[in-house]
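These are my notebook entries on one model. I looked up contacts first, then the core, a helix residue and the strands.

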Amino acid sequence: MTSANTTDVGMRAARMVAGIGAALVLGLAWGVAPALAGGGATEAMKGTINEVIRVLSDQGLKKPERAQERRKLLEKVVSARFSYEEMAKRTLAVQWQKLDEKQRAEFVELFKRLLTNSYADKVEGYSGEQVHYINERTEGDYAEVRTKAISGKTEIPLDYRMLSRGGEWRVYDVVIDGVSLVSNYRGQFAKIIRTSGYDDLVDRLREKSDQFVKVKGADKE
């Protein structure tokens, strides 16, 4: 799939991907259709989706003055299901092994902000889209929950790759219409590291985060 097609897929999915996490990255804001097949990982995703919908449907939280409160609640729900550390680790691949503990913590936070900021405003586009659960594949501590997001006549395959840690299923990748979120970022990050170094990647991520804060601040004025 070309980069243009990948971007198109991201834009089409963005309305359905609750921009809280990445992310999101990270398709949770849908009405829930009956599951065709399921298991522990599927039930975990359904629980998160239901909670996101509850927040989105709260009329009191839709008031402009409570926008930040609403976003923070959504971030909290999504963060409980997504493992940003595992996602960040996989986007860096071998580079992750070269980082010390402080550097890893910094990168995880920057990656989380990247996903959060990328989709932060898309959550407002929720208009009752549905997700159909197709099946669940589990092997040891790993699972993949396959779904299909439906918006009008558009259907987008959306699969959650999950890892069990401490008895909890956490998302470490999302595959949108065959495109892996983690693989997509890994390719972008690897190119930057190869051409200008890891420090430049961190600077770019930090700059993106700062730009978003400035834009949001300007919106409030």
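**Contacts, core and strands**

I began with Met 162, leaving aside its neighbours within four places in sequence. Met 162 is in contact (heavy atoms within 4.5 Å) with Ala 41, Ala 44, Met 45, Arg 81, Asp 141, Tyr 142, Ala 143, Val 145, Trp 169, Arg 170, Val 171 and Tyr 172.

I noted the basis of the entries. The model is predicted: local features need pLDDT of at least 70, side-chain atom pairs count only at pLDDT 80 or more, and totals for chains, interfaces and linings use all residues. Residues are numbered from 1 along each chain as its sequence is written, and side-chain values use heavy atoms, with hydrogens and water left out.

Of its 46 residues, Phe 107, Phe 111, Tyr 160, Met 162 and Phe 189 touch the most other members. Helix α2 (residues 40-57) gives the most to this core, eight residues; helices are DSSP runs of H or I with at least four residues, and strands are runs of E with at least two, numbered from the N terminus.

I then turned to Thr 91, in helix α4 (residues 84-92). The Thr 91 side chain reaches the backbone oxygen of Ala 88 at 2.7 Å.

Last, I checked the strands. Strands β3 (residues 142-151) and β4 (residues 154-165) run antiparallel, joined by 10 bridges; pairing requires at least two DSSP bridges. Ala 149 stands opposite Ile 156 in β4.

How values were computed
Polar contact = N/O pair within 3.5 Å; in protein donor to acceptor, adjacent residues only side chain to side chain. Core = buried A, V, L, I, M, F, W, Y, C linked by side-chain atoms within 4.5 Å. Buried < 20%, exposed > 50% of the residue type's maximum accessible area, 1.4 Å probe, protein only.
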